[in-house]
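This report looks at the pairing of charged side chains. The sequence and structure come next, followed by the details.

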Amino acid sequence: MLRWLCDRFAPRGRPFRWALPLLVAALALLAQWRAPNWTARAEGWTVDARFRLRGVESPHAPIVIIAIDETSFQMLGDLHGENVRTWPRARWADLIGKIAAGSPRLIALDAVFDTPGWDAGGDEAMAEAMLRAGNVVLPANLEVLQVEGYASAVLSLPVDPLDRASAGVGVSALPVEADGAIRRLTLLYSYGGQAYPAYALVVATLWAGKPISASPRDLGSDLTLPIHFRGPEGTFRTVSLIDVWSGETSAEIFRDAIVLVGYTTTLEQDRHAAPFAGRRGMPGVEIQANAVDTLLAGDWLHRPPAWA
């Protein structure tokens, strides 16, 4: 193939002068044919490499993560040998009360409550705890299903009592890039003719007390914003749920903070490829913390101008 390219396109007399450029071009064409999204993958890898070269940064906002880790997941079951996923809503109400005792600015639960709780009166008890705290943010889940070649989106909002009691609700889904990694945040989602803000955007806006503004130049055509990752898992202050529940961790550490509660256990499969993630992946709640911190600091990665 290289000999044919040289004979076809190179000047006569010095055919191999163009061998290397033509080889590179041929390989690029081959890569584009075998993997049409290879340029997007390559761009993602260069972003990850630049983050590694830069190293770890300290977060700007006072964010504390309450990790539903392996120990918490198994030891704080619903008293029937289950796990945190099947907690009665009344127990979530107790947890909100324990966190609220520390006077945080915001409590953001990164767990979806789109079906009624199994305990009688549990949803009402959790809603009352949320109203007393007055600052609880809940996620909505937006799932895109592929059925016989067609894409269908399903939006799952919190059940009505919890939805009404929340300080805000945002879509927690994050866009996945060609290589399976998460590097960006979608600010607004369209569903059923309405716009729904991202979970991280709701948290950041409530904290800031004003809208978060981004230049249209920095947004992708899909309304995504590059996340400025601070570092690997644990870069944000993290405490175990079981230590909060038992009182070993004082609620005082939550004072004036943004408290994110979410799964870090591998049992929940909420770990994703991302910058700094490593082989185990980065917990979804840690990615949300990076997204919130990026929005509040206003230091998202800027896209180059069109002429660059």
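Is Arg230 buried or exposed? Arg230 is buried, with a relative accessible area of 0%, where buried stands for under 20% relative accessible area, exposed for over 50% and partly exposed for the range in between, using a 1.4 Å probe and protein chains only.

## Basis of the model

The model is predicted, so that local features need pLDDT of at least 70 and side-chain atom pairs count only at pLDDT 80 or more, whereas totals for chains, interfaces and linings use all residues. Residues are numbered from 1 along each chain as its sequence is written, and side-chain values use heavy atoms, with hydrogens and water left out.

## Glu57 and Arg230

With a salt bridge taken as a side-chain nitrogen of Lys or Arg within 4 Å of a carboxyl oxygen of Asp or Glu, the count is eleven. One of them joins Glu57 to Arg230, whose closest N and O atoms are 3.3 Å apart. Because Glu57 sits in the loop between α3 (38-54) and β1 (63-68), and Arg230 in the loop between β9 (224-226) and β10 (237-240), this pair ties together parts 173 residues apart in sequence; helices (H or I, at least four residues) and strands (E, at least two) are DSSP runs numbered from the N terminus. Glu57 is partly exposed, at a relative accessible area of 25%.

## Other pairs and a network

Glu177 and Arg184 form a salt bridge with their closest N and O atoms 2.9 Å apart, and both residues are buried.

Arg255 pairs with Glu252 in a salt bridge at 2.7 Å between the closest N and O atoms; Arg255 is partly exposed at 40% relative accessibility, and Glu252 is partly exposed at 46%. Salt bridges that share partners also join Arg54, Glu57, Arg230, Asp293 and Asp299 into one network.
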